[in-house]
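Subject: Structure handover

Hello,

Here is the structure for you to take over. Please open it before reading on.

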Amino acid sequence: MVSRRLTFKARRASDAVRFIDTYLDRVKAREVYIKYRGGRVEVKVWANPALAKLSAVEARKVYGTLRQGGRVNTYDLTVVLQEAKPKSPIPPDAIELALRLMGHRAELNGSRLRTDAGFDRVVEVARKLSEAYQEMVDLDVSSNAKRLIAPLAVARGMSIYDAMDELVSMGLLSRGRVNDREYVTLAVNVDDAVKALTAGRTS
């Protein structure tokens, strides 16, 4: 067993509490000691070497995501999704697209999202996207079509059905029927559809 000790700055007590709550939800070590005093959070983990190292990595990941407040920030989406507690799984690129449709700069690189949107805004977008995906669970809509419908609905504050209608009218989605049941698919490839939706917007 080994111990790892890390110290982080916290601008406000509320920032420290949020870091502590988020970190404790992620860490697997049995013995974690956390102390907050004088604008600093001290984390001490007691575990086997591999778990202690992983716990330290998680602490830095959570701190790095929560502490940012500049004009453009980089967020780890695993932390964002943990905070959002999505009702239904959502693809990371749906978050990127929704933010871009809302007028934000957003660029996805693996699980890291670089954007000028604040952390709470990104969490809110992820939560609303999950709700939109949940609404489409029982609909015959292709996965690629959902990657357009949900972001558009969230960005414009419209229903998923209105988003479908708009995307069909733009020629990006197509409707068909099989055994009296409607299905919705992409009418073009997904990259071209995203370009059409985000034309003239920042990335």
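This is a predicted model: local features need pLDDT of at least 70, side-chain atom pairs count only at pLDDT 80 or more; totals for chains, interfaces and linings use all residues.

Residues are numbered from 1 along each chain as its sequence is written, and side-chain values use heavy atoms, with hydrogens and water left out.

Overall picture

The protein has 8 helices and 8 strands. Both are DSSP runs numbered from the N terminus: helices are H or I with at least four residues, strands are E with at least two. Along the principal axes, the C-alpha atoms fill a box of roughly 60 × 35 × 25 Å. Of the 203 residues, 40% are buried. Here buried means under 20% relative accessible area, exposed means over 50%, and partly exposed lies in between (1.4 Å probe, protein chains only). Take the contacts between residues at least 6 apart in sequence: 60% of them join residues at least 24 apart. A contact means heavy atoms within 4.5 Å.

Helix packing

Start with helix 4 and helix 5. Their axes come within 10 Å and cross at roughly 115°. Axes are lines fitted to C-alpha atoms, for helices over the stretch in contact, and angles run from 0 to 180 degrees between N-to-C directions. Helix 4 and helix 5 are therefore roughly perpendicular to each other. The cut-offs are under 35 degrees for roughly parallel, over 145 for roughly antiparallel, 65 to 115 for roughly perpendicular, and oblique for the rest. The crossing of helix 4 and helix 5 is right-handed. That term applies if the near helix is turned clockwise from the far one by less than a right angle; anticlockwise is left-handed.

From helix 4, the contact uses Ala-94, Ile-95, Ala-98 and Leu-99. From helix 5 come Arg-121, Val-122, Val-125, Ala-126, Leu-129 and Tyr-133. By class, the contact of helix 4 with helix 5 has 9 nonpolar, no polar and 1 charged residues. Nonpolar covers Ala, Val, Leu, Ile, Met, Phe, Trp, Tyr, Cys and Pro; charged covers Asp, Glu, Lys and Arg; the others, Gly among them, are polar.

Now helix 5 (residues 119-135) and helix 6 (residues 143-156). They pack at an angle of about 125°, with axes 9 Å apart. This pair is therefore oblique. Helix 5 passes helix 6 in a right-handed crossing. On the helix 5 side are Val-125, Lys-128, Leu-129, Ala-132 and Tyr-133. They meet Lys-146, Arg-147, Ala-150, Pro-151 and Val-154 in helix 6. The contact of helix 5 with helix 6 has 7 nonpolar, no polar and 3 charged residues.

Salt bridges

Side chains of opposite charge can pair when their charged atoms come close. The rule used is a side-chain nitrogen of Lys or Arg within 4 Å of a carboxyl oxygen of Asp or Glu. By this rule there are 12 salt bridges.

Glu-42 and Arg-5 form one of them, at 3.1 Å from N to O. Glu-42 lies in strand 3 (residues 40-47) and Arg-5 in strand 1 (residues 2-9), so the pair ties together parts 37 residues apart in sequence. Glu-42 is partly exposed at 22% relative accessibility. Arg-5 is exposed at 55%.

Asp-15 and Arg-12 also pair, at 3.1 Å, N to O. Both are partly exposed: Asp-15 at 25%, Arg-12 at 47%.

Asp-165 and Arg-175 meet at 2.7 Å, N to O. Asp-165 is in helix 7 (residues 160-169) and Arg-175 in strand 7 (residues 173-178), 10 residues apart. Asp-165 is partly exposed at 40%, and Arg-175 is partly exposed at 35%. Elsewhere, salt bridges that share partners join Arg-18, Glu-83 and Asp-120 into one network.

Two single residues

Lys-85 has a phi near 50°, a positive value in a residue other than glycine. Lys-85 lies in the loop between helix 3 (77-84) and helix 4 (92-101). At 59% relative accessibility, Lys-85 is exposed.

Gly-64 lies in helix 2 (residues 49-66). Gly-64 is partly exposed, at 27%.

Best wishes
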